[in-house]
Amino acid sequence: MLEFLKKSGIKDSVIYEIEKVNSSANLYNLNCNQDEVIKIIQSLRDIGINCVEKLLIYKIDLFFTSFDDFKCRYIKQDVDKFVKLINEDYMLIEEL
């Protein structure tokens, strides 16, 4: 179901973890938002986030939105500060 993630360099082992940890409803929502998910992944990597895989596994709901909404919500802040905080502890994304 999540084979599209391979286009973004997500490994089979990470896809397996995503499927293992998340509900079928969440997996369905992620699958239905493929184009936006790929854009969000690329954007996170472009700004220097190095824990994209953990976000996909444990914070999957971040990827249910459109890329534009994601960008407005999370990347409107000081990008350097945002990257530093998330790379240190991906769970902080809920607080931002």
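Lys39 is partly exposed, with a relative accessibility of 41%, where partly exposed lies between buried, under 20% relative accessible area, and exposed, over 50% (1.4 Å probe, protein chains only). The model is a predicted one, in which local features need pLDDT of at least 70 and side-chain atom pairs count only at pLDDT 80 or more, while totals for chains, interfaces and linings use all residues. Residues are numbered from 1 along each chain as its sequence is written, and side-chain values use heavy atoms, with hydrogens and water left out.

Lys39 forms a salt bridge with Glu36, and the closest N and O atoms of the pair are 3.4 Å apart; a salt bridge here is a side-chain nitrogen of Lys or Arg within 4 Å of a carboxyl oxygen of Asp or Glu. The two residues stand three apart in helix H3 (residues 34-47), so that about one helical turn separates them; helices are DSSP runs (H or I, at least four residues), and these are numbered from the N terminus, as are strands (E, at least two).

Helix H3 itself has 14 residues and reaches 20 Å from its first C-alpha to its last, close to the 20 Å expected at 1.5 Å a residue, the expected span being 1.5 Å times one less than the number of residues. Within H3, the buried residues are Glu36, Val37, Ile40, Ile41, Ser43 and Leu44. Because the buried residues of H3 fall within an arc of 165° when seen down its axis, they line one face of the helix, the arc being that of the directions from the helix axis to the C-beta atoms. On the face of H3 turned away from this buried side are the exposed residues Asp35 and Asp46. The cover over the buried residues of H3 includes helix H2 (24-32), helix H4 (52-58), helix H5 (67-74) and helix H6 (79-88), with contact meaning heavy atoms within 4.5 Å. Just after H3, Gly48 takes a positive phi of about 110°.

The structure holds six salt bridges, and another of them lies in helix H1 (residues 12-21), where Lys20 and Glu17 are three residues apart, about one turn of the helix. The closest N and O atoms of Lys20 and Glu17 are 3.8 Å apart; Lys20 is exposed, with a relative accessible area of 55%, whereas Glu17 is partly exposed at 24%. Lys6, partly exposed at 40% relative accessibility, forms a salt bridge with Asp12, their closest N and O atoms being 2.8 Å apart.
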